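The plan is to look things up piece by piece and jot down what turns up.

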Amino acid sequence: MLLTITTTHQPATDLGYLLHKHPEKCQSFSLSFGKAHVFYPESSEVKCTVALLLDINPIELVRGKSASDNREGTLTHYVNDRPYSASSFMSVAISNVFRTALSARCKDRPELVEQAIPITVKLPVLPCRGGESFLRQLFEPLGYQVEGETLPLDETFPEWQNSSYISATLHNTVRLCDLLSHLYVLIPVLDDDKHYWVGEEEIAKLLRHGEGWLNNHPVKEQITSRYLKRRRKLAKIALAQLAEEDNPDIEETDAIQAEEEAAIEKPISLNQQRLETVTETLKEYQVKRVIDLGCGEGKLLCYLLKNKSLEQITGVDVAYRTLEIAKSRLKLDNLPFHQQDKIQLIQGSLIYRDKRFQGYDAATVIEVIEHLDLNRLAALERVLFEFAQPKLVIVTTPNIEYNVRFASLASGKLRHRDHRFEWTRKEFQDWGNQVAERFNYEVVFKGIGDVDDEVGTPTQMAIFTV
Ligand code: SAH
């Protein structure tokens, strides 16, 4: 199984920097299903080609499978197209062998990563369920010029006609990281299969590698469905998250809006008080495993990481870019090992049931509920209190009554342009009491920030316990 990538960018040997693979070396990597070899059949200043050759071991593929997995009969397990055609094995190899390039990093030449370069990709045996027209539907909207030659089933028996395999050549001027993302997602989509079980983690992979292009792709529904092995429930979640994540109204202005909100609240350093109160409350309840839902840029996570009694800290947010900021704020790549094991960031939506939210002592939902439309709040309630069921839940939200005390906030305005609502103390407490009753929790309410006799505190907090 072979993939070649050729560039005529000058100097073409820059391809070696981008891929972190030296053009004069031939390197081999062991993968669970066989070996991946990387080498350069040609490399000069004017033209450079890298080849990724997979040597799949059919015996390894069968190992560990039970007889009940073997629905297609023993022989098909050993004799099949997998060693010879580009499939999800190729995607796994791309993500392993070209990991740094795929994630748009290049330590030595960072400016190269951002450069669109002329590229020709060849996939000599590409399984295409849907034929050449589907291949075009997938790649042409992304700017590729597509050449596809349908391969005969057997050259010596022309009467057997064509196979469903295509020898594909794709040309484009594109950033290498984008090209690798396109191939990573679209090769298994064309094959319409995956060699491994597809669960909820697969949604995050799709969103990560589809970032910036999938949401605007004309056949995004088909891509999503096939990528997730036609599991309808997963596809529905992925499409909903895609729409939310790529909502430019929210994304582009988010940072500015957050700054505006911080500026309004700054005179009393409300954020600081909020983080301290939440951290203290977690300590008080002797929490060991906490999940911060809607973690944003990770302000609370930074605080929590300093707390030695916590054993597991997870941050969840729907916005991939926000998580990237959290990752660099937390310096995740440079943390000592014991801390790296302790913390993780996951992309997910709080309004869809998700197994990854289970198994925590506590969940924090800090300044998040007011970002959800009221009709979606009920979904979050079930996800959190019915399915995730931590023993302790801390929810904070603005107290709208206090807004009159913010000199810089125009009368009648909410604190953040993305807030869908802000509640009075009574509204928040009515909501909290009703949730506690419905899901068998106890609830107490506290204020955060300076107390004003008339309008209370700027932030309100509900502490739910079982
Ligand atoms: N808790 C953080 C961020 C609050 S801003 C802090 O206190 O600083 C609200 C965050 O909720 C944003 O990062 C937004 O991306 C996230 N969010 C909004 N709707 C969401 C949803 N449905 N699922 C997951 N996260 C969501």
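Where does Pro11 lie? I found Pro11 in the loop between strand E1 (2-7) and H1.

Ground rules before I go on. I'm looking at a predicted model, where local features need pLDDT of at least 70 and side-chain atom pairs count only at pLDDT 80 or more, while totals for chains, interfaces and linings use all residues. Residues are numbered from 1 along each chain as its sequence is written, and side-chain values use heavy atoms, with hydrogens and water left out. The helix and strand names are DSSP runs numbered from the N terminus: helices are H or I with at least four residues, strands are E with at least two.

**Entry: Asp14**

I looked up Asp14 next, and its place is in helix H1 (residues 14-19). Is Asp14 buried or exposed? Asp14 is buried, at a relative accessible area of 4%. My cut-offs: buried is under 20% relative accessible area, exposed is over 50%, and partly exposed is in between, using a 1.4 Å probe and protein chains only. The side chain of Asp14 makes a polar contact of 3.1 Å with the side chain of Arg109. A polar contact here is a pair of N or O atoms within 3.5 Å; within protein, one must be able to donate a hydrogen and the other to accept it, and residues adjacent in sequence count only if both atoms are side-chain atoms.

**Entry: the sheet with E1**

I traced an open sheet of 7 strands, ordered E2-E3-E4-E1-E5-E7-E6, with antiparallel pairing. Strand E2 (27-31) and strand E6 (145-152) are at the edges with a single partner strand each, so one side of each has no neighbour in the sheet. From one strand to the next, the twist averages 15°. For angles like this, axes are lines fitted to C-alpha atoms (for helices over the stretch in contact), and the angles run from 0 to 180 degrees between N-to-C directions.

I zoomed in on E1 and strand E5 (residues 117-127), which run antiparallel and are joined by 4 bridges. Two strands count as paired if DSSP finds at least two bridges between them. Thr4 has Lys122 in E5 as its bridge partner.

**Entry: the sheet with E14**

Which order do the strands take in the sheet with mixed pairing? I read E10-E9-E8-E11-E12-E14-E13, an open sheet of 7 strands. Strand E10 (343-347) and strand E13 (442-448) are the edge strands; each has a single partner strand, so one side of each is left without a neighbour in the sheet.

Inside this sheet, strand E8 (residues 289-293) pairs with strand E11 (residues 362-366) in the parallel sense over 3 bridges. Val290 is opposite Ala362 in E11.

E14 pairs with strand E12 (residues 392-398) in the antiparallel sense over 7 bridges, and Ile394 has Ile463 as its bridge partner.

**Entry: H15 and what follows**

Which residues of helix H15 (residues 320-329) are buried? I noted Tyr320, Thr322, Leu323 and Ala326. Seen down the axis of H15, they fall within an arc of 155°, so they line one face of the helix. The arc is taken from the directions from the helix axis to the C-beta atoms.

Lys331 lies in the loop between H15 and helix H16 (337-342). Its phi is positive, near 50°, and it is a residue other than glycine. Lys331 is exposed, with a relative accessible area of 54%.

I also checked Arg230, which is not a glycine but has a positive phi of about 60°. Arg230 sits in the loop between helix H10 (220-227) and helix H11 (232-245).

**Entry: the ligand**

How many residues surround the ligand? I got 14, and the closest are Glu244, Gly294, Asp317, Leu350 and Ile366. A residue goes on that list if one of its heavy atoms lies within 4 Å of the molecule. A side-chain N or O atom of Asp317 is 2.6 Å from an oxygen atom of the ligand. A backbone N or O atom of Leu350 lies 3.0 Å from a nitrogen atom of the ligand, and one of Val318 lies 3.3 Å from a nitrogen atom of the ligand. Taken alone, the ligand exposes 580 Å², and the protein buries 86% of that. These areas come from the Shrake-Rupley method with a 1.4 Å probe; for residues, only the protein chains shown count as cover.
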